[in-house]
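Take a look at the sequence and the model first, then we'll walk through the details.

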Amino acid sequence: NTKEWGVDSIAYDLEMRQQRIWLNPLMDISLTEDISLFTGPVLSLAYVQMEATRTANLVVQSGSEQTGLVNSWSDQGEDSAWLPGIGMRVGFCWNITSSWFLAAEAGATWMKTMKLDVGPATLEADLNEWQSALQIGRVF
């Protein structure tokens with residue numbers, strides 16, 4: 001009668017909260033009377049909080065019999081940090097009429113990866129951000 005031991009499952013539960021502020025000065029370049037391009041750097045500061053739980057289950061199985069849970073371990077970790085970011089934003093604006101416009105923009109902000117040790121594992125959170133927008137609006 002052979003018994004087999006092994007880790008049946010490892011589960012992670014991660015919760016992350018962040019608040020960001022941005023500074024985004026724009027430079028506007030008029031191509032025609034109705035179309036303009038804009039671009040500018042993005043500077044950001046984020047306060048990030050991470051909490052994680054890692055759970056591992058050790059099981060034993062004897063031949064074809066049911067698997068039994070022998071033990072379960074749970075590790076927790078939490079951390080918070082202020083992280084700066086830098087990026088770029090570009091777009092265009094088209095004045096369809098004297099009171100309506102159409103705009104599109106895209107941008108990216110790069111930030112340091114946040115790491116959190118939970119038991120024997122290290123979790124990483126990629127906080128880089130990609131943005132895009134399509135706008136239609138009216139000038140009053």
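This is a predicted model: local features need pLDDT of at least 70, side-chain atom pairs count only at pLDDT 80 or more; totals for chains, interfaces and linings use all residues.

**Charged pairs**

- Side chains of opposite charge can pair when their charged atoms come close.
- In this model, the count comes to six salt bridges.
- One of them joins the side chains of R17 and E51, with N and O 3.1 Å apart. R17 sits in strand β1 (residues 3-23) and E51 in strand β3 (residues 35-62), so this pair ties together parts that are 34 residues apart in sequence.
- Are these two partners buried or exposed, or something in between? R17 has 29% relative accessibility, so it counts as partly exposed, and E51 is also partly exposed, at 33%.
- Another salt bridge pairs R20 with E129, and their closest N and O atoms are 3.5 Å apart. R20 belongs to strand β1 and E129 to strand β8 (residues 129-138), so the pair ties together parts that are 109 residues apart in sequence.
- R20 has a relative accessible area of 14%, so it is buried.
- R89 and E105 also meet through their side chains in a salt bridge, at 2.9 Å from N to O. This pair links distant parts of the chain, with R89 in strand β4 (residues 68-95) and E105 in strand β5 (residues 100-111), 16 residues apart.
- R89 counts as buried because its relative accessibility is 18%, and E105 is buried with a relative accessible area of 18%.
- Some bridges share partners: E15, R17 and E51 are joined into one network that way.

**The nonpolar core**

- In soluble globular proteins, nonpolar side chains tend to be buried together.
- Here, the largest nonpolar core has 12 residues in all, among them A46, V48, M50, L83, M111, L116 and L127.
- Which strands each supply at least two residues of this core? They are β3, β6 (114-118) and β7 (121-125).
- The strand that gives the most to this core is β3, with four residues.
- Zoom in on L116, one of the core residues: leaving aside residues up to four places away in sequence, L116 touches M50, E51, A52, G77, E78, D79, A121, T122 and L123.

Methods
Residues are numbered from 1 along each chain as its sequence is written. Side-chain values use heavy atoms; hydrogens and water are left out. A salt bridge is a side-chain nitrogen of Lys or Arg within 4 Å of a carboxyl oxygen of Asp or Glu. Buried means under 20% relative accessible area, exposed over 50%, partly exposed in between (1.4 Å probe, protein chains only). A nonpolar core is a set of buried Ala, Val, Leu, Ile, Met, Phe, Trp, Tyr and Cys residues joined through side-chain atoms within 4.5 Å. Contact means heavy atoms within 4.5 Å.
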